Amino acid sequence: AEGTKEQQGHSPVCQVGVESTVAKVEMSNEQTKGSITILRHGAISSSSIREALAKNGLSDYFEVSDSVRFTSEKVSNVAPGQTIKHYSPNVPCFMVDASRQCQQNELSQEEKAILAQSVIIDYGKRLSGYQQHVLAYRDLSVEGDASMAASSVFETLRWSERIQGANRVFVPDIILANNEDALDLAVKDKLTRAASAVIVNTFA
């Protein structure tokens, strides 16, 4: 099938390796324009949808917007993958604030003790300065390749659960700064949900 490849001795696998974008399309008789609302980030970004609409002469008929939510597991959702803990590993997971990335601050003895029993799942070497202090470390993509990261983030979260003695998992808080790359948004979304959107500026 298109978008897959054969691997020796294995079934076809998706080249993207990330869930599809979920969008809600609405058109009302009272409205002059319809709406396309992104409910979950995936392999296709809102900018790609706008480009497709423009290419087919439909830009004047639809407005595209993002409405990605992080909801409680008790709340009914329109799309799959919207709950705040959708990707959470069975070990407490936290996002590390940008102010503590690249080891800009000295570690306290308490922080060192906690990191010694922790796993870091990194992206683009944001937390590489702490690698020597942790129980296990893995970078989704050292080069910051969103495609590579997106294809491995789920398996890596499951890997973190299997590290014997691990009490915590730390991931970087990813700041995109107006970047609308679909896969970057998808990686950020998954790590945010893995950490239940909890950002910390200390490891203690």
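Visitor: What is D173 in contact with, leaving aside its neighbours within four places in sequence?
Guide: In this predicted model, D173 is in contact with M95, V96, D97, Q101, K188 and I199.

Visitor: Where is D173 found?
Guide: D173 sits in the loop between strand 9 and helix 4.

Visitor: Why does D173 count as buried?
Guide: Compare two values. Buried means under 20% relative accessible area. D173 has 9% relative accessibility, so D173 counts as buried.

Visitor: Which residues of helix 1 are buried?
Guide: Helix 1 covers residues 46–55, and S46, I49 and L53 are buried there.

Visitor: What puts them on the same side of helix 1?
Guide: They cover an arc of only 55 degrees around the axis, so they lie on the same side of helix 1. There is a general rule behind this. An α-helix has 3.6 residues a turn, so residues three or four places apart point the same way.

Visitor: What do the buried residues of helix 1 pack against, and what does the face turned away carry?
Guide: The buried residues pack against strand 4 (34–40) and strand 5 (62–66). The face turned away from the buried side carries the exposed residues E51 and K55. Just after helix 1, G57 takes a positive phi of about 70 degrees.

Visitor: Why are helix 3 and helix 4 called roughly parallel?
Guide: Start with the angle. Their axes cross at roughly 20 degrees. Angles under 35 degrees count as roughly parallel. Helix 3 and helix 4 are therefore roughly parallel to each other. Their axes also come within 8 Å, and helix 3 passes helix 4 in a left-handed crossing.

Visitor: Which residues meet in helix 3 and helix 4?
Guide: From helix 3 come A146, S147, A149, A150, V153 and L157. They meet L183, D184, V187, K190, L191 and A194 in helix 4.

Visitor: What does V187 touch, not counting residues up to four places away in sequence?
Guide: V187 touches Y123, L140, A146, A149, A150 and I174.

Visitor: How many residues has the largest nonpolar core, and which have the most contacts inside it?
Guide: This core has 26 residues, and V119, I121, L140, V171 and V187 have the most contacts inside it. Strand 6 (93–96), strand 7 (118–122), helix 3 (146–161), strand 9 (168–172) and helix 4 (182–194) each supply at least two residues. Helix 3 gives the largest share, six residues. Apart from this core lies another, of twelve residues, among them I114, I120, V134 and F170.

Notes:
Residues numbered from 1 in each chain as written. Predicted model: local features only at pLDDT ≥ 70, side-chain atom pairs only at ≥ 80, totals over all residues. Heavy atoms only, no water. Core = buried A, V, L, I, M, F, W, Y, C linked by side-chain atoms within 4.5 Å. Buried < 20%, exposed > 50% of the residue type's maximum accessible area, 1.4 Å probe, protein only. Helix = DSSP H or I, 4+ residues; strand = E, 2+ residues; numbered from the N terminus. Contact = heavy atoms within 4.5 Å. Arc of directions from axis to C-beta. Axes fitted to C-alpha atoms, helices over the stretch in contact; angles between N-to-C directions. Parallel < 35°, antiparallel > 145°, perpendicular 65-115°, else oblique. Left-handed = near helix turned anticlockwise from the far one by under 90°.
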